[in-house]
Amino acid sequence: MNVYHQTGFRDKWNMECFQKGIGDGLIFSPINIDSDKLLGLNGTLKETGFLDPQLYLLNEAKGTLDSYPYFPGNLKPDFTTPDLDNSHIQLAQLCVDYQMANNFQYLVIPTRYYTDNPTSYFAQSSDYFVTPFCDFVKYNKFKKKILLSVIVKTIMLSDEEKRNEVLNWITGHQHIAGVYLIFENNFASKQIKDFDYLLNVLRFIKVLKDNHMEVHLGYTNTEALLYSIALPDSITIGSYENLRSFGIKRFRDLENSPMRSPNARLYSSNLLQWIDYEYIQAMKSLIPDYANYFDDSEYKPLMFKPDFKWHFAKPEPYKHYFTVFYEQIKSLPISQEDRIIDLKGKIKNALSIFKTIENYILLDDDSDGSHLPTWFNVINAFQKELN
Amino acid sequence: MIRECKIIKEIAKGGQKTVHLAEHPEIGPVVIKRGAIKSFTSLERIKREVELLSELKSEFYPQQYHFYIDVKLKEFEIVEDYIEGYPLRESVSQFRNPKEIFSLLNKLVNGLTIIWDKNIVHRDLKPENIIIRPDGTPCIIDLGIARFLDLEALTKTISPVGPCTPIYAAPEQLSNNKSLIDPRTDFFALGIIALELYLGVHPFDPAYVGNEFSIVENILQNKYALNTETIEKNDKLVGFANNTLQTQPYNRFRNYQILNSFIAKYI
């Protein structure tokens, strides 16, 4: 299973870590990197990764998105949906050409975002994006594998009819090698604790794997560990929270609410959780071997110095996470059966450590292990279905 | 061309058309189909079938020699190859063991790949529409209701059932869910044909499923027999059925490459 960097703001951190051997590739984000700058990047940064075309909102020129040749506003000012009737072929060609010029590992078909998908969504997506894109690739005899990007909304997991519709649509495309799946995350908590949601994600991935498709999961947080038991081909690591949880707000030109700075957090592979730095400070004064609960990395000594000023915009906690989580994913057993056993063991171990910690300090539900019983139960339910 | 042909006998007569066996002085035995054009849709279907057959030029499909429409009389005439051999319906005894069945499926898939690659779905695969030539090569006939995925659909969206032979139709045809029609629709029919050859009975037949529904209702409810009182389950055919006879297309083989590699294991 590969691990891609979901890049965004401060993509320099991802590239630096990737060049040190952390991660298997990079997923590039047009709203955060100028088109020419991306073209000029060293090929080794691109040849194992791919582009997320980010046409989610069609004509919203967030960040540097309008520097890309396939950005619809560059074909026609005030581009709207009806303009796709005349421009979809050109748009697909420009999008393919740009991706080919960068020599990415995959070619990615864009997708659009709607709050509520219209009934014609899949037919339109086929007509406007999938068909012209695949036709152009075929016509030019490009040999690269094609990934279809799909935003999976919660209702597509919970409603059987919608789930059937999206799965039939995805698997009906003969010329794609796989999917770049993005599960929309509308949860208020930092970890996903919804049993049905998580189990349905695993089932969704399994169906696509049963269809012999490559499954690449975008915007994953630590639940990627849980998703790993459905054997996807890749998961992602990202720095800021909006790169580990997909919300359309990130792609809107004017974000509605003012940004509120989150507290800095540190990931622990033993706890399977990100811990708020304020609790780390408390642990430091109350638990003698507190540092052992956190993984070693080249960034740890600096972060555990008494004078380290924790701040969510500092690179060390994120680079630490990239390193630790990458190693954790890479150390997972290959076989599904062994992976399930291994992860259940890790969860039990983490819960046991949390019990010890809570003898000294109490954690809120965004830093404690309250997501782990749900993970454990989801694994058992999925395992039962496999048998 | 028809004037040059000598009619030998009537082969079939239905509501839509009559079919005669005839002899052409140069080509030899041919089939002449004549029928009424009842609507724009039926004309369009005939035209699509004729255009497709004229470009296929494959032993898996009949060769087309002549096509004519009489606009005044609203009639059509087609002259095509006479396929020597017998319909699969009459040749079932040749295909009883799994190896023979998978060998036939392999040939059928090779033939169907030609139209699937053109984004065309046959939609009417059944033992009557497969002629087994003397050398064992199947010839697939009657593309009259084939769905051309790149062209506008000819079936009305409000029709409760899409064009099909109901007892060989996939659930999406029976419910006229046009957006779901793709090669996996034909995979479903191949699943029925394979099991029917093995069991000697239609797998959705209520007498063998053990209920009182009709075949069509059993297709819609995904209830089928994998064995009979006299014929035991065969793991290879069970595997094939489980990957073709599923209600949701996403639970069937995704494409013909995967279908082919499954079949190749057993020939």
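Predicted model: local features only at pLDDT ≥ 70, side-chain atom pairs only at ≥ 80, totals over all residues.

Q: What makes β3 and β5 of chain B a pair of strands?
A: Two strands pair if there are at least two bridges between them. Strand β3 (residues 28-36) of chain B is joined to strand β5 (residues 75-81) of chain B by seven bridges, and the two run antiparallel. The requirement is at least two bridges, therefore β3 and β5 of chain B count as paired.

Q: In which order do the five strands of chain B lie in the open sheet?
A: The order is β1-β2-β3-β5-β4 (chain B), with antiparallel pairing.

Q: Why are β1 and β4 of chain B said to stand at the edges?
A: Each of them, β1 (6-13) and β4 (64-70) of chain B, has a single partner strand, so one side of each lacks a neighbour in the sheet. From one strand to the next, the twist averages 20°.

Q: Which helix packs on this sheet, and which strands does it touch?
A: Helix α1 (residues 40-56) of chain B does so, touching β4 and β5 of chain B. The direction of helix α1 of chain B makes about 155° with that of β4(B).

Q: How far apart are Asp338(A) and Ile229(A) in sequence and in space?
A: Asp338(A) and Ile229(A) are 109 residues apart in sequence and 9.3 Å apart in space, C-alpha to C-alpha.

Q: How many residues of chain A and of chain B are in contact with each other?
A: The contact involves 10 residues of chain A and nine residues of chain B. On the side of chain A that touches chain B, helix α8 (residues 160-171) of chain A gives the most, with four residues. By class, that side of chain A has three nonpolar, seven polar and no charged residues.

Q: How is chain B divided, and what joins its parts?
A: An automatic or database assignment divides chain B into domain 1 (2-81) and domain 2 (86-264). Their C-alpha centres lie 26 Å apart. Contacts link 13 residues of domain 1 of chain B with 15 residues of domain 2 of chain B. The touching side of domain 1 of chain B has six nonpolar, two polar and five charged residues.

How values were computed: Residues numbered from 1 in each chain as written. Chains lettered and ligands numbered in written order. Axes fitted to C-alpha atoms, helices over the stretch in contact; angles between N-to-C directions. Contact = placed C-beta atoms within 7 Å. Nonpolar A, V, L, I, M, F, W, Y, C, P; charged D, E, K, R; others polar.
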